[in-house]
Amino acid sequence: EVDVKDYMFSGLKDQTVGRLPGKVAGQQFVIQECENCNIYIFDHSAAVTIDDCTSCRIFLGPVKGSVFFRDCKDCKCILACQQFRTRDCRKLDVFLCCATQPIIESSTGIKFGCFQYYYPELPLQFKNAGLSIFNNTWSNVHDFTPVEGENNWGLLSNHIIQDYVPLPDSGELKAVRIYTDINRSLIPLTQGQRQKKSDELCLVVFFAGDYTTANARKLIDEMVAKGFLLIQTKEVTMKPEDASRVFHEKASGFVHLLEKGPVVALEFNGDDAVKECNAVINTVFSGTKVFVSENKTSAAQDVDNFYNFADIQMGV
C-alpha cells in the first residue's frame, strides 16, 4: 500500500528535506507550498509537480514523465526529465536535462543551464526512468506566451551549480556521494544555443555496441581538453533508409551497424575541429567503426542532415 505522504513535501518552511536513492522508486511526487527549503529527491520518479513554492532550492533525480512548476518564484533547481513545463512562475534558475523541448507559459525571468551532477546511483536511475544521457534539449526553449519586445527566458552564464543548489550538509542526505564538477557529470555539458566560438563544426557518430557510451565520453573529454566546444549530443535509432540521408555515399559501410541499436551523435565546434576529431579517432578508436566529418564544408551539412533527421524522428 502506497502512502501518499511518503511522496509529498507540503507546507514546509526553512527546512532541509529529501529522499534517498531507492525511496521513491518510480512513484509520482508532489512538492507544494514550501518556503526557503532545500529539497533533494535522489531517486527516479514517474512525474513531479511543484506548486506554490518560494525561495526553494530543489534537486530532482530522473523523472520518467513531466516536471511541472506552477505558481513558483525565486527557486533554483537541478533536474532531469522527459518533459519540462512552467506556468505562472517568475525567477526560476533551472539546470536542466530534458529529452524534449522545455516549455514555459505565463512565466518571466526563467533562466536555463545544462544539468551537471553525479552520484553513484544516478546512471541506473536514468536507465529506470527511460532517459538517455545524450538527449538533452535544455536550451531549446519554447515560450507559449511571448511578450513583444521582452524575453521571458534566457541562459545562465554561470556553470557552478553549487552557487545555486548547495550540497546537503546534514543528516542522512549527507551520505549521498555527490560530485558536481563538470568532468564528473553524468550528463555531458553542452553549449546548446549559446554563442559558438568558430564557424567550423564536426559531426561524429558512434554506433551501438558495448562501449558506445564510454567511447562517446572519452572523445568528449579529449576534445574538450583541447579547447573545443560540445554543442549538442543525440541518441537516436536509425533505420537503413535513414543512413543514406545522413551518411550519403558512406552509408553502405554503416548500414549493418544500425541493427544493433541506437547511434550516439556528437557535434563539436572550434577551429580545426574536423582535423582534431579525425586525429583523436584514428589514434584512440582505431578499431572502432565511427562516422566523422571529412572536411569543414561537408561537416556543416553533416550536422544539418543528422539533426534534421533526429528532430523528425524524435518529434521535436
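How many of the residues of strand E15 are buried? In this predicted model, 7 of the 7 residues of E15 are buried, so the strand is largely enclosed by the rest of the structure; buried here means under 20% relative accessible area, with exposed set at over 50% and partly exposed in between (1.4 Å probe, protein chains only). The model is a predicted one in which local features need pLDDT of at least 70 and side-chain atom pairs count only at pLDDT 80 or more, while totals for chains, interfaces and linings use all residues. Residues are numbered from 1 along each chain as its sequence is written, and side-chain values use heavy atoms, with hydrogens and water left out.

**View 1. Strand E15 and its two faces.** Helices (H or I, at least four residues) and strands (E, at least two) are DSSP runs that are numbered from the N terminus. In a regular strand the side chains alternate between the two faces of the sheet. From E15, Val 263, Ala 265, Glu 267 and Asn 269 point one way, whereas Val 264, Leu 266 and Phe 268 point the other way, and all of them are buried.

**View 2. The open sheet that contains E15.** Four strands form an open sheet in the order E14-E15-E13-E16, with antiparallel pairing, where two strands count as paired if DSSP finds at least two bridges between them. Its edge strands, each pairing on one side only, are E14 (229-236) and E16 (290-292). On average, neighbouring strands of this sheet are turned by 15° against each other, direction ignored; the axes are lines fitted to C-alpha atoms, for helices over the stretch in contact, and angles run from 0 to 180 degrees between N-to-C directions.

View 3. E14 is joined to E15 by 7 antiparallel bridges, and Gln 232 has Glu 267 as its bridge partner in E15. E13 and E15 pair in the antiparallel sense over 6 bridges, while 3 bridges join E13 (residues 201-206) to E16, again antiparallel. Phe 206 has Val 264 as its bridge partner in E15 and Val 290 as its bridge partner in E16.

**View 4. Helix H2 against the sheet.** H2 lies across E13, E14 and E15 (263-269), and it runs at about 5° to E15. Contact, wherever it is used in these legends, means heavy atoms within 4.5 Å.

**View 5. Parallel pairing around E10.** Strand E8 (residues 90-98) pairs with strand E10 (residues 108-114) in the parallel sense over 6 bridges, and Leu 96 stands opposite Cys 114 in E10. E10 also runs parallel to strand E12 (residues 153-155), to which 3 bridges join it, and Phe 112 stands opposite Leu 155 in E12.

**View 6. Asp 51 and its surroundings.** Asp 51 is found in strand E5 (residues 48-51), and it is buried, with a relative accessible area of 13%. Leaving aside its neighbours within four places in sequence, Asp 51 is in contact with Ile 31, Gln 32, Glu 33, Arg 70 and Cys 72.
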